[in-house]
Amino acid sequence: MVSICACKSTELKIEPIEVIADIAPPQNPCPISQVPVDRQALTDLDTTSQVEQEIKDIQKKAFELAVETAQGVGRRKERHTQASIMYQRLTELYPLISCEASKEALAITWSEARLDIGYILSDGKELARSGLYVYVQELRRKNKEK
């Protein structure tokens, strides 16, 4: 920073002044340390994180249980127990989505899993996501034909 003072002469005298400011380092909301990514090295590696893989696994299992719900097969109580556990785990994983490289796609996967779990817990009364809805409609059509 500089200071400008007008002296008796017609010249302007510019004198530097010292400014000291404490700047806190940025805080990373993600529990995993962020490091620069070597994009070339990633082309040969599987870059799926543990968070991403867990959300995908939950979404896949939720869809399977939702299909059982639509078909009316399996044990309802066990389905509900599993769905409740998955619902809780998704709630815990949600804040970590913002830390992922593919956060937009992962947020969609997370949302699909939550919709499937809602369908399970409502015993098929709650709206299903599009993929499950198509399956349920096809199942109903086949049952009417029989």
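The charged end of R114 sits over the ring of Y87, at 3.8 Å from the ring centre; the criterion is NZ of Lys or CZ of Arg within 6 Å of the ring centre and within 35 degrees of the ring normal. The model is predicted, with local features requiring pLDDT of at least 70 and side-chain atom pairs pLDDT 80 or more, whereas totals for chains, interfaces and linings use all residues. Residues are numbered from 1 along each chain as its sequence is written, and side-chain values use heavy atoms, leaving out hydrogens and water.

I117 belongs to the largest nonpolar core, a set of 20 residues in which I55, I58, M86, L90, I117 and L132 touch the most other members. Such a core joins buried Ala, Val, Leu, Ile, Met, Phe, Trp, Tyr and Cys residues through side-chain atoms within 4.5 Å. Two or more residues each are given to this core by α2 (50-71), α3 (76-93), α4 (103-121) and α5 (130-145), and the largest share, seven residues, comes from α2. Helices are DSSP runs (H or I, at least four residues), numbered from the N terminus.

Helix α2 has 22 residues and reaches 32 Å from its first C-alpha to its last, close to the 32 Å expected at 1.5 Å a residue; that expectation is 1.5 Å times one less than the number of residues. Its buried residues are V51, E52, I55, I58, Q59, A62, L65, A66, V67 and T69, and their cover includes α3, α4 and α5. G72, with a positive phi near 75 degrees, follows α2.

There is one aromatic pair, for which ring centres of Phe, Tyr and Trp (its six-membered ring) must lie within 6.5 Å, with planes under 30 degrees apart counted as stacked, over 60 as edge-to-face and the rest as tilted. Y94 and W110 form this tilted pair, 4.6 Å centre to centre with 50 degrees between the planes. It links distant parts of the chain, Y94 in the loop between α3 and α4 and W110 in helix α4, 16 residues apart.

The table gives accessibility classes: buried is under 20% relative accessible area, exposed over 50%, and partly exposed in between (1.4 Å probe, protein chains only).

| Residue | Relative accessibility | Class |
|---|---|---|
| Y94 | 48% | partly exposed |
| W110 | 12% | buried |
| E126 | 42% | partly exposed |

E126 lies in the loop between α4 and α5 and is in contact with G118 and Y119, leaving aside its neighbours within four places in sequence. The C-alpha atoms of E126 and D116, ten residues apart along the chain, are separated by 9.2 Å.

How values were computed: Contact = heavy atoms within 4.5 Å.
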